[in-house]
Amino acid sequence: MDHLMRTIKCFLALFLILQVTTETAVSATVYTVGENLGWIAPPNHTFYSQWASNKNFSVGDTLVFHWNPNHTHNVAKVSEQVYNSCSTSASSNQILASAPSYDYNLVENGSFYFICTVADHCARGQKLSIKIGEQSGGSPTGLAPSPNSPAPPSSLSALPPSLSYALILIYFLRYI
Ligand SMILES: [Cu+2]
């Protein structure tokens, strides 16, 4: 009987560990640029920077650009300079797609700039800049921990929530 309990506990522990591992491996996020509006000449110039501002992009994520097939747009990967100036004819611009749906996979850290080179769309705000990895530019004012803030309660807080959960469960399983 004791042996059976032991086996069951082993399987449960194994299952939990596998679950945590899988969860970590498939944490890639698919972002639809502009959500419901898609990739268009937006209603205001800051639309896409606002859209990107609360996202935490990371390697493995995907940006999906899509637009109404009756409208003409494209996705061009450009330099920061072109992003700022909207030089739609710059020779360095790489047109990635002219069909109305395009997936861009984020494969490395860095800053990436996209515009639409059709007509005056970029000047009207159809441009996107994203940053992947460490936020090196600009200090996140207001987010800096105050010197009086207490240290994290335990080392468990540094682990992903599901992993902490699994470890706690495994701990209690020992006493069943
Ligand atoms: Cu466009």
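Select Ala 97 to begin: this residue lies in strand β4, where strands (E, at least two residues) and helices (H or I, at least four) are DSSP runs numbered from the N terminus. Ala 97 is partly exposed, with 17 other C-beta atoms within 10 Å. On that scale a residue is buried if 20 or more other C-beta atoms lie within 10 Å of its own, exposed if 12 or fewer, and partly exposed in between, with C-beta atoms placed from the backbone.

The model on screen is predicted: local features need pLDDT of at least 70, side-chain atom pairs count only at pLDDT 80 or more, and totals for chains, interfaces and linings use all residues. Residues are numbered from 1 along each chain as its sequence is written.

**Around Ala 97**

Display the contacts of Ala 97 next. Leaving aside neighbours within four places in sequence, Ala 97 is in contact with Phe 65, Asn 74, Val 75 and Tyr 102; a contact requires C-beta atoms, placed from the backbone, to lie within 7 Å.

Now colour β3 and β6, which pair in the antiparallel sense over 3 bridges. Within this pair, Ala 76 stands opposite Ile 115 in β6. Ile 115 in turn stands opposite Lys 127 in β7. Strand β6 (residues 110–115) and β7 also pair in the antiparallel sense, over 6 bridges, and the bridge partner of Tyr 113 in β7 is Ser 129.

Remain on β7 and select Lys 131, which has its place in this strand. Lys 131 counts as partly exposed because it has 16 C-beta neighbours inside 10 Å. Asn 109 is 22 residues from Lys 131 in sequence, but 7.5 Å from it in space, C-alpha to C-alpha.

**The nonpolar core**

Which residues have the most contacts inside the largest nonpolar core? Select Trp 39, Phe 65, Ala 76, Val 78, Phe 114 and Ile 115 from this core of 20 residues. A nonpolar core is a set of buried Ala, Val, Leu, Ile, Met, Phe, Trp, Tyr and Cys residues joined through C-beta atoms within 7 Å. At least two core residues are supplied by each of β2 (62–66), β3 (75–78), α3 (80–85), β6 and β7. The largest share, 3 residues, comes from β3.

Centre the view on Ala 76. Not counting residues up to four places away in sequence, Ala 76 touches Asn 93, Gln 94, Ile 95, Leu 96, Phe 114, Ile 115, Cys 116 and Thr 117.

**The three-stranded sheet**

Move to the other sheet listed here, in which 3 strands form an open arrangement in the order β1-β2-β5, with mixed pairing. The edge strands, each pairing on one side only, are β1 (30–32) and β5 (101–105). Neighbouring strands of this sheet are turned by 20 degrees against each other on average, direction ignored. Select β1 and β2, which pair in the parallel sense over 3 bridges; the bridge partner of Val 30 in β2 is Thr 62.

**The whole chain**

Finally, show the entire chain, which has 4 helices and 7 strands. From the N terminus on, the elements run α-β-α-β-β-α-β-β-β-β-α. Buried residues make up 16% of the 176 residues. Among contacts between residues at least 6 apart in sequence, 74% join residues at least 24 apart.

Colour by pLDDT, the predictor's confidence in each residue, from 0 to 100. The mean for the chain is 80, and 64% of its residues reach 70 or more. Over residues 136–147 the pLDDT is below 50, and this stretch has 1 contact in the model beyond near neighbours in sequence. Residues 149–157 also stay under 50, and the model has 3 contacts for them beyond four places in sequence.

Methods. Pairing = 2+ DSSP bridges. Contact = placed C-beta atoms within 7 Å. Axes fitted to C-alpha atoms, helices over the stretch in contact; angles between N-to-C directions.
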